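Dear colleague,

I am handing over the structure we spoke about, with the sequence and coordinates placed directly below. Please look through it before you read my notes.

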Amino acid sequence: MRISKGALLVVVAFLVPFVVEFRTALSWFGIKLSILESLALGGVLVIGLLLWAVWPEDGNGGTGAAGSS
Amino acid sequence: MRNAYLDQFPDEARVIKAAFWSSFIALAIGGVLGLVQALHRTDVFRFIQSPDYYTVLTAHGVLLVIVFTIFFLVGTFTWAVTTSLDRGVVDTRFTWAWYIMMVIGAALAGITIFSGFLESAPSILGSELNADVLFTFYAPLEAHPFFYIGLVVFVVGSWLAGVDWFRTWLAWRRENPDERIPLPTFMVLTTTLFWYICTLGVSLSILVFLLPWSLGITESVNPLLTRTMFWYFGHAVVYFWLMPAYLMWYTMLPKFSGGKLFSDPLARVVFVLFLLLSTPLGIHHQYLDPGIAEGYKFIAMTNTMFLLLPSLLTAFTVVASMEHGARQRGGEGYLGWLKALPWRDPIFTGMALAGLMFAAAGFSGMINAGMNINYLVHNTWWVVGHFHLTVGTAVALTFMAASYWFIPQLTGKELWNRSVALGQVVLWFIGMTFMTNAMHRSGLFGLPRRTAEPQYQGFDFEPAVGTVGEINMQVALGAVILTLSLALFLLNMVMTSIGSNSESIPDNTYADTLSGAEDSPRILDNLKLWTAIAVVLVIIAYTLPLASIIDAGGLFGPDIEGFRLSTWVDPAVIESLSEVIR
């Protein structure tokens, strides 16, 4: 993994304020997301994040700094 | 051999444990009442009558922002003083005495509030036993005398706690005359000093005006005067809640990050600034009060903006300390070091998330502090969102995370479940994000605070994004997540406390420094000097506004003769001074 499980949990948690505020920010540009669309966006971001996190950093299963965290 | 706090100071550990459990009980009751409020106000689930909402609101406020925070504070400060001075308190009987006094005060105020739920509350001292006066208990709302007496007893208990810390420090100083004050003790003493200064206002307000009024001794009060005296205390108390969290961020977070505190001198400067500036700015809570001239409000706003400085210094110092810790753990790069922080540690993660939410609170606080923008959000849910980020997250989440360190130290038992603890702090962060975001947004379109029925008939609020229904659901969802998080916290505390003794409790230490006390000028430790300047600043900020308020409305109300300030001071003098300020 690229980051520790603890760090991954915290980053996933960070997506909550990001998605909530992103929805508000988009409205300034006339893009209005419904709740379902916001949930879908959040889901896509979480899946993308999980894929990034578990994808081997160097193709050989290297874990970088994650081990110590 | 184990060297936990319990092993070093077994007698003090018992008092601190009692103080923490008192705070947890207040947190449990107050937190559940928060859920009741959120579900009722948002009309998601109602099982109380709307008039009872104000009893719930009062209990929620008083239990959480007075009882929970201050009991936790006195426990933390006693730990900080004894640990950093490496000596016990002078007399633990005195320590127990102030703790018991605080319990009696909290119980008296609590019983009075909860009597409001009774269909027919008992009549004592000639009036019904209730106190639906909210946390901001100024006139014209009137409580039963027991509520005010309970608050006074509680506050006097906290004063005696301060005496206890000062006595312990003075005893240490006699043994170590040339030593600098250790940083944690310095933080405790400066905080205690501004607590004495600010509580003087609310104590006078209660003892001279509100209590005699509720007992029927005086006919009326000057509501603006009691409001001003409340807010003289009411903003400084915010920093009183916050200082134990700051103490943990400065002295423990660097250690949990794996490093050292970046700068001891900078930390001392921050606490001196809080001593100086916490009190002479309470009028910024009264921008909408018509009886106070704009000039006085402008001075309060300026003082408030100065207070951003210690908060920004803290953000810099704490983040620099965390980065140092992360680099000690192998972290590299401009931002890559963030990955090396101990995110699996609930103590670190809880405090870090609390600090982050406090940054958001600082931004909304700047909006509150600006006179012209404040008018837009003052009586709205925005303000409720703001203080749920400050006391509800920066303070409460730091306290909960710190408890995962303290309770094993005080009981000699290992934390029951670290994974549950990690999930708990993350859930708090998520729940508070949902709730406070919705509160802030609703404030922008004017949704009022302090009401059980925010939706007026024949009028529709117009959110910039989404609907009022969505906002309400977001608040309700946040409140449910927060309650779940609270339940997990309490479960962990109970299970830890009833667990078996462990020999693997970490040593009771706090963070070392990269730049220590020896790098700071000795004048920073001159508490008499800083206290004198703080008092002068308070006199400058409050003399004219108070004189003006008393002159306009009398001490006990405009129709009560014999107590008007003009009997002592020529009104022309007050008028001319007021003109200068205007």
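This is a predicted model: local features need pLDDT of at least 70, side-chain atom pairs count only at pLDDT 80 or more; totals for chains, interfaces and linings use all residues.

**Cavity and pocket**

The structure holds 1 cavity of 30 Å³ or more, and the volume of this largest cavity is about 70 Å³. Its lining is made up of 14 residues, and those nearest the centre are Val62(B), Val67(B), Ala106(B), Ala109(B) and Gly110(B). Two or more lining residues come from each of helix H3 (50-85), helix H4 (92-114) and helix H5 (145-175) of chain B, with H4(B) supplying the largest share, 6 residues. The lining has 11 nonpolar and 3 polar residues, and no charged ones.

The second largest pocket has a volume of about 690 Å³. Of the 26 residues lining this pocket, Glu21(A), Thr436(B), Asn437(B), His440(B) and Arg441(B) are the closest to its centre. The elements that contribute two or more residues to its lining are helix H1 (5-27) of chain A and, from chain B, helix H13 (346-369), helix H15 (381-411) and helix H16 (418-444). H16(B) gives the most, with 8 residues. By class, the lining of the second largest pocket divides into 17 nonpolar, 7 polar and 2 charged residues.

**Chain A**

Chain A has 2 helices and 0 strands, and 35% of its 69 residues are buried. Among its contacts between residues at least 6 apart in sequence, 68% join residues at least 24 apart.

Among the buried residues are Arg227(B), Trp231(B) and Gly234(B), and the cover over the buried part includes H3, helix H6 (183-214), helix H8 (236-251) and helix H18 (527-553) of chain B. At the N-terminal end, Asn222(B) caps H7(B), with a side-chain oxygen 3.2 Å from the backbone nitrogen of Leu224(B).

The N-terminal cap of H13(B) is Asp345(B), which places a side-chain oxygen 3.0 Å from the backbone nitrogen of Ile347(B).

**Buried residues and their contacts**

Ser442(B) belongs to helix H16 of chain B and counts as buried because its relative accessibility is 0%, below the 20% cut-off. Leaving aside residues up to four places away in sequence, Ser442(B) touches Trp381(B), Leu447(B) and Ile471(B).

Thr496(B), in helix H17 (residues 468-497) of chain B, is buried too, with a relative accessible area of 0%. With the sequence neighbours up to four places away again left out, Thr496(B) touches Ile407(B), Lys413(B), Glu414(B), Leu415(B) and Trp416(B).

Leu524(B) sits in the loop between H17 and H18 of chain B, and at 8% relative accessibility it counts as buried. Its contacts beyond four places in sequence are with Phe186(B), Pro265(B), Arg268(B), Val269(B), Val272(B) and Trp530(B). Leu524(B) and Ile181(B), 343 residues apart in sequence, are 9.9 Å apart in space from C-alpha to C-alpha.

**Backbone points to inspect**

Most residues other than glycine have a negative phi, and most peptide bonds are trans. The peptide bond from Ala139(B) to Pro140(B) is cis, with omega near 15°, and Pro140(B) lies in the loop between strand E2 (127-128) and H5 of chain B. Asp43(B) has a positive phi, near 65°; this residue is in the loop between helix H2 (10-41) and H3 of chain B and is exposed, with a relative accessible area of 54%. Asp86(B) likewise has a positive phi, near 55°; it is found in the loop between H3 and H4 of chain B and counts as exposed at 61% relative accessibility.

With kind regards

Conventions:
Residues are numbered from 1 along each chain as its sequence is written. Chains are lettered from A and ligands numbered from 1 in the order in which they are written. Side-chain values use heavy atoms; hydrogens and water are left out. On a 1 Å grid over the protein atoms alone, a cavity is a set of points where a 1.4 Å probe fits but cannot get out, and a pocket is an open set with protein on both sides within 12 Å along at least five of seven lines; lining residues have an atom within 4 Å of a point. Grid points are joined across faces, edges and corners, and a volume is the space filled by probe spheres set on the points. Helices (H or I, at least four residues) and strands (E, at least two) are DSSP runs, numbered from the N terminus. Ala, Val, Leu, Ile, Met, Phe, Trp, Tyr, Cys and Pro count as nonpolar, Asp, Glu, Lys and Arg as charged, and the others, Gly among them, as polar. Buried means under 20% relative accessible area, exposed over 50%, partly exposed in between (1.4 Å probe, protein chains only). Contact means heavy atoms within 4.5 Å. A polar contact is a pair of N or O atoms within 3.5 Å; within protein, one must be able to donate a hydrogen and the other to accept it, and residues adjacent in sequence count only if both atoms are side-chain atoms.
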